[in-house]
Amino acid sequence: MTSIIAVRNLRKTYGRTVAVDDISFEVADGEIFGLLGPNGAGKTTTVECLQGLRHPDSGNVRVLGLDPRLEAQTLRRRIGSQLQESALPDRIKVWEALDLFASVTSNALDWPILLEQWGLVEKRKASFSSLSGGQRQRLFIALALVNNPELVFLDEMTTGLDPAARRVAWDLIRAIRDRGTTVVLVTHFMDEAENLCDRVAIVDRGKIVASDTPQGLITRHASEVRVIFTTEKTDLPWVEKISGVVRVTRKGPRVEVEGSGPVLALVAAALVEHGIVPSDLRVEQPTLKDVFLKLTGHTAGE
Amino acid sequence: MRTLFKLTWVEIKLFIREPITVVFTLALPIIFLFVIVGVLGNTPEPNFRGVGPLDYYVPAYFGLVMTAIGVVALPVHLTAYRERGVLRRLRASSISVWSLLGSQLMVSFIIAIMGSILIMALGMLVYSLHLPQSPALLIPAFILGTISFASLGFFLGAVLPSTRSAQGLGLILFFVMFILGGAGPPSGVLTGVMRVTSDIIPLRYVIFMLQDPWLGFGWHVNASLIVAGITVAAALLAARFFRWE
């Protein structure tokens with residue numbers, strides 16, 4: 001795997017506010033790389049520096065082997081961008097926008113296919129101002145893909161999409177990755193990063209606090225599973241002595257046992273041994289949300 | 001180049017879909033023409049450079065169309081694009097500043113030509129307009145005048161902070177230029193401070209530059225030099241201050 005993006009010690013300030021504080025990472029060819037973090041963490045500023053839309057104060061950035069500061073125009077022809085704050089003229093029609101943005105390169109995609117994939121066929125002749133939030137969002141993703149980019153930046157791409165459209169969007173992004181396009185995904189949705197990304201960098205207050213595959217992050221930072229069941233019996237001191245158990249919390253009849261290793265099997269066996277056979281025994285695997293909480297001390301504010 | 005032409009074509013369609021701009025740039029000069037010529041007719045008078053008011057005003061209104069483009073339509077369009085993030089979107093898709101401003105210049109030409117043909121056609125159909133005496137000199141004057149006001153529009157669009165400010169300042173500039181720049185009362189009747197103001201209005205020199213070939217007075221060297229100077233200055237300032245966001 002070769003690096004498509006290499007960022008070293010990137011720093012960007014706005015006045016006294018430090019938006020990006022010494023960020024370094026690499027993105028490999030053909031992966032979906034996620035920047036996950038709350039709003040204002042510096043994710044958008046970081047990708048804007050990569051696209052040559054902003055000039056970093058210091059640091060070294062290479063994208064597709066180019067320097068975004070000096071070769072922005074060449075770079076932008078080869079990448080696709082879906083931006084958070086942008087718009088089209090009110091009265092431009094959907095097909096006109098796609099046709100226009102396809103003209104920047106000679107190997108653009110056939111945009112009628114994009115209309116179909118992103119569910120915009122009926123809106124082909126609709127003006128931009130008449131589109132709903134979700135339709136605009138899908139149009140912006142289609143515009144980011146129309147120049148057949150080697151690398152695509154998607155900044156909060158599923159904001160404004162309904163749950164069904166989100167799933168469709170995820171499938172389409174995976175399909176784009178499978179065709180060989182590298183994807184950089186900026187998101188504050190934990191489930192999106194966990195479901196879609198090959199690798200995730202968790203960004204908080206302008207810094208990357210951890211970066212790995214979603215599973216790798218979970219294994220390293222939140223390996224404890226949670227076993228949950230209910231029982232009327234109150235005296236359960238033996239639960240804490242089960243091997244691997246770290247913590248037991250009780251709220252009325254509901255018992256939560258946190259621990260690592262094969263804790264579900266051991267808890268189940270011990271329960272049966274003590275004559276407790278709960279019908280609702282279940283296990284909750286840790287998610288990126290737990291990792292995020294543990295690493296940053298707060299949630300991403302979904 | 002392909003992007004430039006596509007963008008120009010899209011911008012022409014957007015212009016036609018925007019009724020306010022169409023009315024302002026195309027209909028307003030025609031209304032002025034009907035009212036003023038309806039009152040004054042076309043009998044030669046010394047105040048109108050010795051020609052009839054109709055022959056005096058038709059080339060002046062060509063200049064008025066260019067003014068509407070340069071001080072109202074373009075600055076409002078560009079500031080609105082910047083304010084709403086359209087420029088940001090275009091830039092991220094590698095559309096260059098040259099494609100952007102080049103397409104606006106081409107659209108400005110098309111609107112100026114359309115507006116002028118409309119004025120001329122109505123002047124001939126409804127009134128007894130005389131045809132231009134030196135079309136070969138009128139064409140370069142027309143081109144220079146349009147580029148000049150387009151540059152002014154790029155400059156205003158670059159420096160004005162918002163759509164509101166562009167609308168406000170644009171309308172003031174338009175009406176001051178219209179009334180004191182030679183498309184209202186002829187400059188001979190202006191006195192005092194109006195006279196001085198008239199002398200510093202770019203439209204006045206564009207009108208001289210257009211009127212002289214039309215009326216057979218030859219090429220207005222001084223006016224064309226002043227207009228060229230304004231064009232260069234406005235274009236350089238526009239290039240210096242242009243911002244995508």
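Guide: Angles under 35 degrees count as roughly parallel, over 145 as roughly antiparallel, 65 to 115 as roughly perpendicular and the rest as oblique. The model is predicted, with local features needing pLDDT of at least 70 and side-chain atom pairs pLDDT 80 or more, whereas totals for chains, interfaces and linings use all residues. Residues are numbered from 1 along each chain as its sequence is written, and chains are lettered from A in the order in which they are written.

Visitor: Why are H6(B) and H10(B) called roughly parallel to each other?

Guide: Helix H6 (residues 135–159) of chain B packs against helix H10 (residues 221–241) of chain B at an angle of about 30°, their axes lying 8 Å apart. Axes are lines fitted to C-alpha atoms over the stretch in contact, and angles run from 0 to 180 degrees between N-to-C directions; the pair is therefore roughly parallel.

Visitor: What makes up the contact of H6(B) with H10(B), by class?

Guide: It has 15 nonpolar, five polar and no charged residues, where Ala, Val, Leu, Ile, Met, Phe, Trp, Tyr, Cys and Pro count as nonpolar, Asp, Glu, Lys and Arg as charged, and the others, Gly among them, as polar.

Visitor: Which residues of chain A is A:Ala97 in contact with, leaving aside its neighbours within four places in sequence?

Guide: They are A:Leu88, A:Ile92, A:Phe128, A:Leu139 and A:Leu143, contact being C-beta atoms, placed from the backbone, within 7 Å.

Visitor: How many residues of chain A are in contact with chain B?

Guide: 21 residues of chain A are in contact with 19 residues of chain B. H3(A) gives the largest share of the chain A side, four residues, and by class that side has 10 nonpolar, five polar and six charged residues.

Notes. Helices (H or I, at least four residues) and strands (E, at least two) are DSSP runs, numbered from the N terminus. Two residues are in contact if their C-beta atoms, placed from the backbone, lie within 7 Å.
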